[in-house]
Amino acid sequence: MLKTRVLLLLLALVFAPKPSFSRAPYALRISCGARNDVHSSPSNTLWYKDFAYTGGVPANATRPSFISPSLNTLRYFPLSEGPENCYNINRVPHGHYLVRIYFGLVAEPSFDNEPLFEVSVEGTLIYSLPSGWSNHDDERAFVEALIFLKDGTASLCFHSTGHGDPAILAIEILQIDNKAYYFGKGYGQGTILRTDRRLSCGSQNPKFGADYSADRWGGDRFWNSLPTFGQSSDRVMSTKNSIKHASQSPNFYPEALYQTALMSTDSQPDLEYTMEVEPTRNYSLWLHFAEIDPSVTGAGERVFDILINGDITFRDVDIANMTGGINSALVLNTTVAVSGRSLTITLHPTKGSHAIINAVELLELVLAESKTSPDEIRALQKLKGALGLPLRFGWNGDPCVPEQHPWSGVDCQYDRNISKHVIDGLDLDNQGLRGFLPNDISRLRHLQSINLSGNSISGVIPSSLGTITRLEILDLSFNFFNGSIPESIGQLTSLRILDVNGNSLSGRVPAALGGRLLHGASFNFTDNSGLCGIPGLPQCGPHLSTGAKIGIGLGACVAFLLIATCLACWWKRRQNILRAQRIAARDAPYAKARTHFNRDVQMARHHGHEHARTAAENGPSLLA
């Protein structure tokens, strides 16, 4: 089925004023693996250093094609760091972007010279590198996509396929006009345009938009040369005349693109070109024309039909008539559903003997995949850090898309109510995980199954698990969980299987779980020495409420403080007594001597008084 649409580009001269924008278009160019900003020749283009965007390993680079920018470093991603690795770029303004990723070769003989891997943008797989890509000087040296970025970030991911380590030379993110490549119904609504090829008819050398002095809002697009359209007799037309070009054109095509063309000849009036494509894909085909043949002076002198795979898609194309004159640009666009492996364009003259064409663009229409809920992605990243997930898991980018490359150990389902993927299962048993189970796991509110058995996870079971109302299976066996089973686990009415065997849990098992055993649930509490309270487990002792336990603890603390205070006072008093006794013992000899002296003095005084009194009573001495 063909869906046809005509886009006429006419009116103002190329020197007419360009559309006014409030700011310059956003442009970010990264030289992967570079430690400093660099400039590439011959255009002196600025490439920013590769810092804090991703993991991987920087290395010296070999350019696979002259099309690739002249940069000397790249970044490669060994499988030991996981099967998915991404560049995550923040603070990207909302808008329409041309995203281009250049591939490289590691300049070391021990490396596979041609890695094969897949590329996704914003969770949508857009390209698989074909074998032999590094041996061709064409668009296979890079992948390019046109995409609307709406959440302020850009995620570019590289998925290993087991054939070498992905190696990235450079990345470009260039903002373009919001109406660039408008193809009608469905534009910008979950659709990505991947560039398959761009061909400048009659040109001898490939060129980038910068070489054409293209408008920046059109992006720095690459145009490969097409010196012949399929027949050696094709005639190359060129002109130095100015081309009338619509200044309001949504695609901002450079004027020089229309100054060369291929024209059929008398011996071969039809122009025919066949391109190899992927089967069962939809393509957006853009055909560019300008009447630059000096032998045509007005309308009606050259008319032709355009056939796609044998079916007439555009009938009676008269460039001069449709643009209003010669040297004026015309762009025709159609969407083609391809069933085989080839797409053939035929220009068949119906008036005049020759057909003419200036350029061809073929872009694949890729249906964008619905991304995972951002809140659940953040919860998984918290879980990754808390459990110390090994590097080999990767867990980069989006956990659910591309569907060909989901995260290991994560099960997804599409939620039609929110038009996003959600996480409904974690299967991480026997993976050598350590750390603890964070409360953020409750943000994975769509989980139906959790299996973390056979690891070395420690800490308590978070009570927030009880808020995951859809949880049916919870296997935490053979870990190092301690503490008690939270009461909130008993509120999980959908829980069918609970296995906490081989941990260090203690305390009363929620009574609600015991009642669930009567309804076919399967619970395993063995090898936990302290669990009690339901049939099959020991009876629990007197049960104290949390408040009572806190009260007892506070009382014990107060009693301990009182005892400590009393002991301190007793010890202090005893020290004072002992000190007094030591002082008394040291001063005892001096006290005894003073006592004897005082007694002798007193006795001497008493004897004197007695002698005086006797002499007085007896009268004067005869001798005297």
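Helices (H or I, at least four residues) and strands (E, at least two) are DSSP runs, numbered from the N terminus. The model is predicted: local features need pLDDT of at least 70, side-chain atom pairs count only at pLDDT 80 or more, and totals for chains, interfaces and linings use all residues. Residues are numbered from 1 along each chain as its sequence is written, and side-chain values use heavy atoms, with hydrogens and water left out.

Start with the whole chain. The protein has four helices and 37 strands. Of its 624 residues, 48% count as buried. Buried means under 20% relative accessible area, exposed means over 50%, and partly exposed lies in between (1.4 Å probe, protein chains only). Now take contacts, meaning heavy atoms within 4.5 Å. Among those with a separation of 6 or more, 72% join residues 24 or more positions apart.

Turn to helix α2, residues 374–387. This helix has 14 residues and reaches 20 Å from its first C-alpha to its last, close to the 20 Å expected at 1.5 Å a residue. The expected span is 1.5 Å times one less than the number of residues. Its buried residues are Glu376, Ile377, Ala379, Leu380, Leu383, Ala386 and Leu387. An α-helix has 3.6 residues a turn, so residues three or four places apart point the same way. The cover over the buried residues of α2 includes β28 (410–415) and β29 (420–427). Just after α2, Gly388 takes a positive phi of about 60°. Pro402 sits in the loop between α2 and β28. The peptide bond from Val401 to Pro402 is cis, with omega near 0°.

Pro42 lies in the loop between β3 (38–40) and β4 (45–47). Most residues other than glycine have a negative phi, and most peptide bonds are trans.

Two residues other than glycine take a positive phi. Tyr181 has a value of about 60°, and Asn309 one of about 50°. Buried or exposed: which describes Tyr181? Tyr181 is buried, with a relative accessible area of 1%. Its loop runs between β14 (167–176) and β15 (191–201). Asn309 counts as partly exposed, at 36% relative accessibility. Asn309 lies in the loop between β22 (303–308) and β23 (311–317).

Next, the strands. Two strands pair if DSSP finds at least two bridges between them. Strand β7 (residues 84–90) is mostly covered: five of its seven residues are buried. β7 pairs with strand β13 (residues 153–163) in the antiparallel sense, over seven bridges. Within this pairing, Asn88 stands opposite Ser155 in β13.

An open sheet is formed by three strands in the order β18-β19-β26, with antiparallel pairing. Its edge strands, β18 (235–238) and β26 (356–357), each pair on one side only. Strand β19 (residues 260–263) and β26 pair over two bridges. There, Met263 stands opposite Ile356 in β26.

Finally, an annotation. UniProt lists residues 550–571 as "transmembrane region", in an unreviewed entry. UniProt positions are given in the numbering used here, feature names are shortened, and annotations may be inferred rather than shown by experiment. In the model, residues 550–571 are 100% helix and 0% strand, and the end C-alpha atoms are 32 Å apart.
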